[in-house]
Amino acid sequence: MIKIGTLMHLAFVTSLVPDGAPSTGYEIANAAIIDALRRQDVRVSVVGFVRPGKQPLDPGNTIVLGALDPTTDDATLALKIRWLIRSLKTGLPFSSAKLKTLPDSAFEAALAQAGEVDGYVLNAVQMSAAFEASLFDRPAIYLAHNVEHLSATENARSAKGMIRRALYAREARLLKIIERRLCKKARFVFTLAEPDRQALGVANSGRSSVLPLVTRKHAAPALNRRATKYDAGLIGTWTWQPNRVGLDWFLREVVPHLDPDFRIAVAGSVPRDLTTGHANVEFLGRVECADSFVRTAGVIPLISRGGTGVQLKTIETFELGLPAVATRSAVRGISMIPDNCVVTNEPAKFARAMETLCRCKNNEADGSVFFSSQLASLDKAIATGVHALGRIREAEPA
């Protein structure tokens, strides 16, 4: 493991600070990346908003900009209109305008509370765009969770209604410009999947790297013998449009090929307009423990149909050693595919593989092998980015 020798201090600038109860893949990824930075002997000060009613997990190393829930689906109509007006007035993408709740001067004053920092980790485009003018007085690492302009373009294609399509198209245009600018200004760029480096124009730059992820601090305990309650289990934030597209495809194209008695449970927040006519599909809403839920499922369908970045639910499934059937998109950015995962995009084959894996006994894998491989690759990639900033810091005059 490469270490730079002296303690580096980085400000990790993010929309939401860790609160100890991550509810989305984005928050799980953030926790893994912050832990990896600290394993490189980097001092990390986290700067961002906290969800209403929550407290930061590490208050001594966290600067809270205020309480904010940026989830669009849960927002009131009045709040959505306010966000849209702010987006139009500032020229910011809607996703960034939601975060622009304080002026640059107030943001800079909050950032100064961290003390002297050697650089910034700009965590995703939304927060980076909202306060871009204040974030390049130091060397910066830009962390692209997704290629957001491509996701917005996909959302525009699948959106219902002219107004929504137009808003997503505007989002895509703005995000493409901002993402390219952030990559150009940053000293180092992390993406979560190899194709994203190409899409962002940094594949051949020598200053970017793919960042493999884990979803936990330690390898999960062996599954041993487990009692299943459902034949298949899906969990996710289905209010996020790319996830919704995958779920719609699964319900419309795959479920009709399954035996009517094949029991499917869908956990996680769902859009208000989501319905299904399939009697064998049950919507559970949010569940207390994701690991406990998926362990009760015979097989895990991994149903991404687009988007960019990496699917955290795929990584979680492989870490647990659970049998899975995945689309090709669901395994993008993951080089090590376990033997108990079938990859196919054809609905009928997807359904047959689900039924076959569910019937098989002893179909679990040793998830610790996958976890250890991912963790080693994560630490190696983080070390590369940190070392690049370390060389820059040493070369710059005091």
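This is a predicted model: local features need pLDDT of at least 70, side-chain atom pairs count only at pLDDT 80 or more; totals for chains, interfaces and linings use all residues.
Student: How confident is the predictor in the protein chain, by pLDDT?
Tutor: The average pLDDT is 90, and 96% of the residues score at least 70.

Student: Where does pLDDT stay under 50?
Tutor: One such stretch is residues 1–5, for which the model has 12 contacts beyond four places in sequence. Over residues 392–398 the pLDDT is also below 50, and that stretch has 9 contacts beyond near neighbours in sequence.

Student: Switching to rings. How many aromatic pairs does the structure hold?
Tutor: There are 7 aromatic pairs.

Student: Take phenylalanine 107 and phenylalanine 131. Why is that pair called stacked?
Tutor: Their ring planes are at 10 degrees, with the centres 4.2 Å apart, so the pair counts as stacked. The cut-off for stacked is planes under 30 degrees apart.

Student: Which parts of the chain does the pair link?
Tutor: Phenylalanine 107 is in helix H4 (residues 104–112). Phenylalanine 131 is in the loop between helix H5 (125–130) and strand E5 (140–144), and the two residues are 24 apart in the chain.

Student: Phenylalanine 107 and phenylalanine 131, buried or exposed?
Tutor: Phenylalanine 107 is buried at a relative accessible area of 0%, and phenylalanine 131 is buried at 0% as well.

Student: And what about phenylalanine 318 with phenylalanine 370, how do those rings sit?
Tutor: Their planes are at 85 degrees and their centres 5.4 Å apart, so this pair is edge-to-face. Phenylalanine 318 belongs to helix H11 (residues 312–320) and phenylalanine 370 to helix H13 (residues 367–395), so the pair ties together parts 52 residues apart in sequence. Both phenylalanine 318 and phenylalanine 370 are buried.

Student: Which rings are linked into a cluster?
Tutor: Trp249, Phe250 and Phe350 are linked into a cluster by ring pairs. Tryptophan 249 also has the charged end of arginine 305 over its ring, 4.4 Å from the centre.

Student: What lies over the face of tryptophan 83?
Tutor: Lysine 98 does, at 5.3 Å from the ring centre.

Student: OK, cysteines. How many disulfides?
Tutor: The count is 0.

Student: How accessible is cysteine 360? And cysteine 183?
Tutor: Cysteine 360 counts as partly exposed, at 37% relative accessibility. Cysteine 183 is buried, with a relative accessible area of 2%.

Student: Where is lysine 229?
Tutor: Lysine 229 is in the loop between strand E7 (208–210) and strand E8 (230–235). With 54% relative accessibility, lysine 229 counts as exposed.

Student: What does lysine 229 touch?
Tutor: Leaving out residues up to four places away in sequence, lysine 229 touches Arg263 and Thr296.

Student: How far is lysine 229 from leucine 182?
Tutor: They are 47 residues apart in sequence, and 47 Å apart in space from C-alpha to C-alpha.

Student: Last topic, helix H1. What span does it reach?
Tutor: Helix H1 (residues 25–39) has 15 residues and reaches 21 Å from first C-alpha to last, close to the expected 21 Å.

Student: Which residues of H1 are buried?
Tutor: Glu27, Ile28, Ala29, Asn30, Ala32, Ile33, Ile34, Ala36 and Leu37.

Student: What about aspartate 41 and its phi?
Tutor: Aspartate 41 follows H1 and has a positive phi, near 60 degrees.

Technical notes: Residues are numbered from 1 along each chain as its sequence is written. Side-chain values use heavy atoms; hydrogens and water are left out. Rings of Phe, Tyr and Trp (its six-membered ring) pair if their centres lie within 6.5 Å; planes under 30 degrees apart count as stacked, over 60 as edge-to-face and the rest as tilted. Helices (H or I, at least four residues) and strands (E, at least two) are DSSP runs, numbered from the N terminus. Buried means under 20% relative accessible area, exposed over 50%, partly exposed in between (1.4 Å probe, protein chains only). A charge sits over a ring if NZ of Lys or CZ of Arg is within 6 Å of the ring centre and within 35 degrees of the ring normal. A disulfide is a pair of cysteine sulfur atoms within 2.5 Å. Contact means heavy atoms within 4.5 Å. pLDDT is the predictor's confidence in each residue, from 0 to 100. The expected span of a helix is 1.5 Å times one less than its number of residues.
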